Amino acid sequence: MTRLVDVCAARGHASLVLTGGGIGTLVLTELAAAPARDAVDWRHLDMWWGDERFVPTGDPERNETGARQALLDHVDASPDRVHPMPGPDGPDPEAAAARYAGWLLAASQPEDHSQVPSFDVLMLGIGPEGHVASLFPGMPALYEEQRTVVAVHGSPKPPPTRLTLTLPAITAARDVWILASGEEKAGAIRLALSGAGPVQVPAAGARGRQQTLFLLDRAAAAHVPAQLGRLASP
């Protein structure tokens, strides 16, 4: 919240990329309950998604559905600044990905030097095998260098069809924040911080232009390389 407040105060608007999954939704729930929630200028905050399950609008499997229930239904967000990814109630997955890429391009500015806005904060969860967004190890989307949004088929996690930002879109963000809790994430965190290649460990390629934060509990941080270890709190 402090980051968003500071950016809005300095520039008049800010941008946030949301993540789904257990920890992403829990973070949004905590934001909605925080006393300082209303310090954020929600009317001038653009909200995007890093990935989405290709299921109909309102489906409980959608990251958008969880985000609305956890946070967006409780704040004064401008509908024009909330940008969910299309679902199958519209185009096919490839066309939906191209449509979202077009929205991102339209929102970008010349100073972004990218086909997407320079997101102020882009949040990501991480899977036990190192995936972020819907970029799973070894999948074709990890070789993408031009497109900013692609359709994913055959996801190892159901549902099998998804839309996702690619690494070029993720690395356009000013800040990338990777959130993780639990010992089942410790191995992936270690690999992501140990110089692994992004095709094998996608989280290793998720880096912000200005800052990359790994926000972990002690269990997830159990195998952080010793030269990087710094525990800020219990």
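Rings of Phe, Tyr and Trp (its six-membered ring) pair if their centres lie within 6.5 Å; planes under 30 degrees apart count as stacked, over 60 as edge-to-face and the rest as tilted. By this rule Trp48, Tyr100 and Trp103 form one aromatic cluster. The model is predicted: local features need pLDDT of at least 70, side-chain atom pairs count only at pLDDT 80 or more, and totals for chains, interfaces and linings use all residues. Residues are numbered from 1 along each chain as its sequence is written, and side-chain values use heavy atoms, with hydrogens and water left out. Helices (H or I, at least four residues) and strands (E, at least two) are DSSP runs, numbered from the N terminus.

**Aromatic cluster**

- A search of the whole structure finds 2 aromatic pairs.
- One of them joins Trp48 and Tyr100, edge-to-face, at 5.8 Å centre to centre and 80° between the planes.
- This pair links distant parts of the chain, since Trp48 lies in strand E2 and Tyr100 in helix H4 (residues 93-107), 52 residues apart.
- The ring centres of Tyr100 and Trp103 are 5.6 Å apart and the planes are at 65°, so this pair is edge-to-face.
- Tyr100 and Trp103 are 3 residues apart in helix H4, which means that about one helical turn separates them.
- Buried means under 20% relative accessible area, exposed over 50%, and partly exposed in between (1.4 Å probe, protein chains only).
- Trp48 counts as buried because its relative accessibility is 3%.
- Tyr100, at 0% relative accessibility, counts as buried, while Trp103, at 36%, counts as partly exposed.

- In strand E1 (14-18), 5 of the 5 residues are buried, so the strand is largely enclosed by the rest of the structure.
- In a regular strand the side chains alternate between the two faces of the sheet.
- Ala14, Leu16 and Leu18 point one way from E1, Ser15 and Val17 point the other way, and all are buried.
- Two strands pair if DSSP finds at least two bridges between them.
- E1 pairs with strand E2 (residues 45-49) in the parallel sense over 5 bridges, and Met47 in E2 is the bridge partner of Leu16.
- From E1 the chain crosses through H2 to E2, and this β-α-β crossover is right-handed; that is, with the strands pointing away from the viewer, the path from the first strand over the helix to the second runs clockwise.
- E1 also pairs with E4 in the parallel sense, over 2 bridges, where Leu16 stands opposite Val121.

**Helix H2**

- Helix H2 (residues 21-33) has 13 residues and should span 18 Å at 1.5 Å a residue; its end C-alpha atoms are 19 Å apart, which agrees.
- The expected span is 1.5 Å times one less than the number of residues.
- Gly24, Leu28, Leu31 and Ala32 of H2 are buried.
- These residues cover an arc of only 100° around the axis, which puts them on the same side of H2; the arc is that of the directions from the helix axis to the C-beta atoms.
- On the other side of H2, Gly22, Leu26, Glu30 and Ala33 are exposed.
- The cover over the buried residues of H2 includes E1, helix H3 (63-70) and strand E4 (121-124), where contact means heavy atoms within 4.5 Å.

**Helix H3**

- H3 is mostly covered, with 6 of its 8 residues buried.
- The buried residues in H3 are Asn63, Glu64, Thr65, Gly66, Ala67 and Ala70.
- Their cover includes E1, H2, E2 and strand E3 (51-53).
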